[in-house]
Amino acid sequence: MGVTVLQPYPLPEGKSGSHIIDHLAKRLVSLGATHAGQFLVDCETFISTPQHGTPTRAVHVLHNSEYPASTFSIIDNGTGKQVALVADSIFDLLMLKMTSTFTSKKQTKIESRGARFEYGDFVIKLGSVTMMEHFKGILIEIEYRPCVMLSYCWEMIREMLQGFLGINVAKEYPTYFTTQTIMNAMGQQQLHAKQNDLYEPMDTVKQYLEHFTNYRKHVQLHGAMGGTPGGSVGPVLLPSTVGMGRA
């Protein structure tokens with residue numbers, strides 16, 4: 001596998017998600033890309049039973065069709081820290097047996113699925129994001145297979161995105177890869193450039209969780225503003241499009 005970047009695609013006013021995805025698929029084929037099957041990434045979140053003096057914990061369980069034998073989980077301990085875990089499918093059965101401790105938020109189960117394309121060293125996936133079978137947006141996944149660090153190949157990925165999406169993509173790294181402050185072994189804060197880390201499958205999963213969380217938040221915002229649940233997501237309610245310019 002190589003470095004993967006996720007990019008939300010803003011839904012133009014008056015256009016359906018299926019229309020836009022069909023249009024993007026035709027553009028990829030016209031560039032010379034070949035259809036290479038389907039893909040699916042899903043996420044279900046479990047919330048811990050409230051206990052006195054204990055912060056609420058969340059366990060996000062994700063599956064990626066690129067890794068059919070694996071179950072990915074990201075545990076949020078309620079203090080802002082996360083623990084990532086890769087297990088086999090037995091983990092799903094384990095969560096089902098922990099109903100006394102963790103409750104599934106079925107109403108927020110979310111997935112991105114669609115067509116998978118190959119174009120030279122790139123793998124491109126056109127994802128239709130749905131939550132409880134309601135369409136929420138379009139999420140593009142692009143992987144550059146020969147690369148191991150984003151800093152080595154961001155410009156190539158950016159150029160490819162601009163080429164088939166027909167938009168301007170900013171030079172800044174996507175938010176997931178931006179420099180962050182961490183605590184070193186000596187207990188001192190220091191800057192960490194994530195774009196220089198070796199890329200791993202969990203990085204793709206974490207990006208999906210980041211974008212899925214944004215979609216969920218905007219659905220909650222839509223409801224608070226009096227919108228119709230499950231309706232088409234307009235431009236103002238799309239996840240953050242940092243790293244994207246306007247056509």
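Residues are numbered from 1 along each chain as its sequence is written, and side-chain values use heavy atoms, without hydrogens or water. In this predicted model, local features need pLDDT of at least 70 and side-chain atom pairs count only at pLDDT 80 or more, while totals for chains, interfaces and linings use all residues.

Me: What is the mean pLDDT of the protein?
Reply: pLDDT is the predictor's confidence in each residue, from 0 to 100. In this protein, 83% of the residues reach 70 or more. Over residues 222-247, however, the pLDDT is below 50. The mean pLDDT of the protein is 84.

Me: How many strands are there in the protein?
Reply: Helices (H or I, at least four residues) and strands (E, at least two) are DSSP runs, numbered from the N terminus. The protein has 4 helices, and its strands number 11.

Me: How many salt bridges does the structure hold?
Reply: A salt bridge is a side-chain nitrogen of Lys or Arg within 4 Å of a carboxyl oxygen of Asp or Glu. One of them joins Asp22 and Lys26, at 3.4 Å from N to O. The number of salt bridges in the structure is 11.

Me: In which helix do Asp22 and Lys26 both lie?
Reply: The two residues are 4 residues apart, about one turn of the helix. Asp22 is partly exposed at 38% relative accessibility, whereas Lys26 is exposed at 54%; buried means under 20% relative accessible area, exposed over 50%, and partly exposed in between (1.4 Å probe, protein chains only). Both residues belong to helix α1 (residues 17-31).

Me: Which residue forms a salt bridge with Glu66?
Reply: The closest N and O atoms of this salt bridge are 3.0 Å apart, and the partner of Glu66 is Lys125. Glu66 lies in the loop between β3 (58-64) and β4 (71-76) and its partner in strand β8 (residues 122-131), so the pair ties together parts that are 59 residues apart in sequence.

Note on methods:
Contact = heavy atoms within 4.5 Å.
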